[in-house]
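Here are a few exercises to work through with the model open beside you. Try each task before reading its solution.

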Amino acid sequence: MAIGVEAGRIALVCPRAEVPADWLLADMEDLGGRLVTPALIDCHTHLVFGGNRADEFRMRLEGASYEAIAEAGGGIVSTMRATRALSEDELVVAALPRLDALIAEGVATVEIKSGYGLTVADELKMLRAARALGRQRAVRVVTSLLAAHAVPPEYKGRADAYLDEVVLPGMEAAHAESLIDAVDGFCEAIAFSPGQIERVFSHAARLGLPVKLHAEQLSNLGGARLAAAHGALSADHLEYLDEAGAQAMAAAGTIAVLLPGAFYFLRERQAPPVAALRAAGARIAIATDCNPGSSPLSSLLTAMNMACTLFGLTPEEALAGVTREAAAALGLGDEIGTIEPGKRAEFAVWDVNDPAELSYRIGFNPLHRRIIEA
C-alpha cells in the first residue's frame with residue numbers, strides 16, 4: 001500500500017501499483033513492509049500531578065479499599081496536597097517522563113485532566129502545565145477540566161458550596177484563558193451526585209464546552225445515562241454500567257472508555273459489561289488512566305493487552321480503541337484516528353507481522369518510528 005501526504009494531511013491511500021502518474025514514486029519512502037497504523041491516542045489520563053501514592057499501594061495490599069483510603073484522607077486529597085505544593089514549571093518537569101513514555105509507544109495525542117488542584121488557582125496551574133507539555137513535545141495535548149473530581153478538606157460536607165465557589169467559576173476562568181477542551185466530573189458516592197454533576201454539565205453547556213464523565217466505576221448511580229443525556233463525548237470506567245446505560249450511550253454516540261489499568265491496580269472483581277456494550281452498538285475506547293493512585297500506568301500498549309486479557313476485547317477492538325474510537329472520545333474523529341484522505345498525517349510504524357502483536361506482548365515495545373507530518 002502507498003500513503004501520500006500533502007501539507008500535513010493524508011492525500012492518497014491506495015495500492016502501490018495504483019499510485020497516480022503525477023505522484024513521484026522517487027519521493028516516496030519505503031517502510032520495508034512494516035505495519036503502519038494511525039498514531040496512537042491516549043484519551044484518558046491524569047498525567048499532571050505531584051508526588052506518588054506508593055504508601056496507599058501497600059495499604060490496598062493489606063486489604064484497605066479505595067473508599068476507605070479516600071475517607072481516611074488519602075486518595076485524591078493526598079495528591080491534591082502534593083500538587084498544590086508544586087509550581088507550574090515543577091509540574092511540567094514531573095510529568096515529562098510519563099509523557100515521554102507514551103510518545104515512545106507511538107502516541108501522538110494525549111488527553112490530560114486537571115482535578116488535583118481543587119482551587120481555582122491550582123486547577124488553572126495544572127491546565128497551564130498540560131498546555132506547556134504540548135509545546136515541549138511533538139504531541140497534541142487535549143485538556144479537560146476535572147475540578148469536580150473530589151471535595152477538598154476545606155469544603156468537607158459542603159460539596160454544593162465547592163461547586164459554586166470553585167468548580168463553576170474555575171470553568172469560566174479556564175474557558176476565558178482557552179485552557180480547556182472539555183469538562184469532566186466524577187460521579188460516585190465518594191465524589192459528586194448525579195444532581196451535582198447535572199449542575200456542572202449545564203454550566204459547561206452554557207459556555208459551549210463538551211462534557212465527559214467518570215461513571216459507574218464503584219457503583220451504578222446512573223452517571224452514564226446522565227452523560228448520554230447531555231451528549232457527552234465519553235463515559236469512562238463503567239464497571240457497574242447496566243444494560244440501560246449501555247443502550248443510552250450507544251443512542252447518544254457517547255464513547256465507552258474502558259480503563260483496565262485501574263481495574264487491575266485496584267484488584268476489582270466486576271469488569272465492565274463488554275457484551276452489553278457490543279449488543280447495544282456502543283463504541284469502545286481504551287486508555288491508560290495514568291494517575292498516581294489507581295492506575296500508575298504509562299504504557300498504552302500494556303493497556304491494550306489488559307483490555308484483551310481482563311475484559312475480553314479482541315486485538316482488533318483494542319487497536320480501534322486506541323485509534324479510531326479514542327479520537328471520537330476526544331471529539332477529534334474528523335481529524336485523526338484512521339488512515340484515510342483528509343485526516344492528519346500522523347502514523348505509527350511497527351516492527352510486527354500481525355496487528356494482534358500490538359496487544360499480544362507484555363513489556364515489549366515494537367515501535368519502529370512515529371511519523372508526524374506538520
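**Exercise 1.** Are Tyr 162 and Phe 192 buried or exposed? Then work out how their rings are arranged and which parts of the chain they connect.

*Solution.* Keep in mind that this is a predicted model.
Step 1: Tyr 162 and Phe 192 are both buried, and the cut-off for that class is under 20% relative accessible area.
Step 2: their ring centres are 6.2 Å apart and the planes meet at 20°, so this pair is stacked.
Step 3: Tyr 162 belongs to helix α6 (residues 159-176), while Phe 192 sits in the loop between β7 (182-187) and α7 (194-206), so the pair ties together parts 30 residues apart in sequence.
Step 4: Tyr 155, Tyr 162 and Phe 192 form one aromatic cluster.

**Exercise 2.** Classify the ring pair of Phe 57 and Phe 265, and find how far apart in sequence the parts that it ties together are.

*Solution.* Step 1: the structure holds five aromatic pairs.
Step 1: in the pair of Phe 57 and Phe 265, the centres are 5.1 Å apart and the planes lie at 15°; planes under 30 degrees apart count as stacked, so this pair is stacked.
Step 2: Phe 57 is in helix α1 (residues 54-61) and Phe 265 in helix α10 (residues 260-265), so parts 208 residues apart in sequence are tied together.
Step 3: Phe 57 is partly exposed at 35% relative accessibility, whereas Phe 265, with 17%, is buried.

**Exercise 3.** Which residues lie closest to the centre of the largest pocket, and which strand gives the most to its lining?

*Solution.* Step 1: the largest pocket has a volume of about 680 Å³.
Step 1: it is lined by 21 residues, and Ala 2, Ile 3, Met 28, Glu 29 and Leu 31 are the closest to its centre.
Step 2: β1 gives the most to this lining, with four residues.
Step 3: by class, the lining has eleven nonpolar, three polar and seven charged residues.

Methods: Residues are numbered from 1 along each chain as its sequence is written. This is a predicted model: local features need pLDDT of at least 70, side-chain atom pairs count only at pLDDT 80 or more; totals for chains, interfaces and linings use all residues. Side-chain values use heavy atoms; hydrogens and water are left out. On a 1 Å grid over the protein atoms alone, a cavity is a set of points where a 1.4 Å probe fits but cannot get out, and a pocket is an open set with protein on both sides within 12 Å along at least five of seven lines; lining residues have an atom within 4 Å of a point. Grid points are joined across faces, edges and corners, and a volume is the space filled by probe spheres set on the points. Helices (H or I, at least four residues) and strands (E, at least two) are DSSP runs, numbered from the N terminus. Ala, Val, Leu, Ile, Met, Phe, Trp, Tyr, Cys and Pro count as nonpolar, Asp, Glu, Lys and Arg as charged, and the others, Gly among them, as polar. Rings of Phe, Tyr and Trp (its six-membered ring) pair if their centres lie within 6.5 Å; planes under 30 degrees apart count as stacked, over 60 as edge-to-face and the rest as tilted. Buried means under 20% relative accessible area, exposed over 50%, partly exposed in between (1.4 Å probe, protein chains only).
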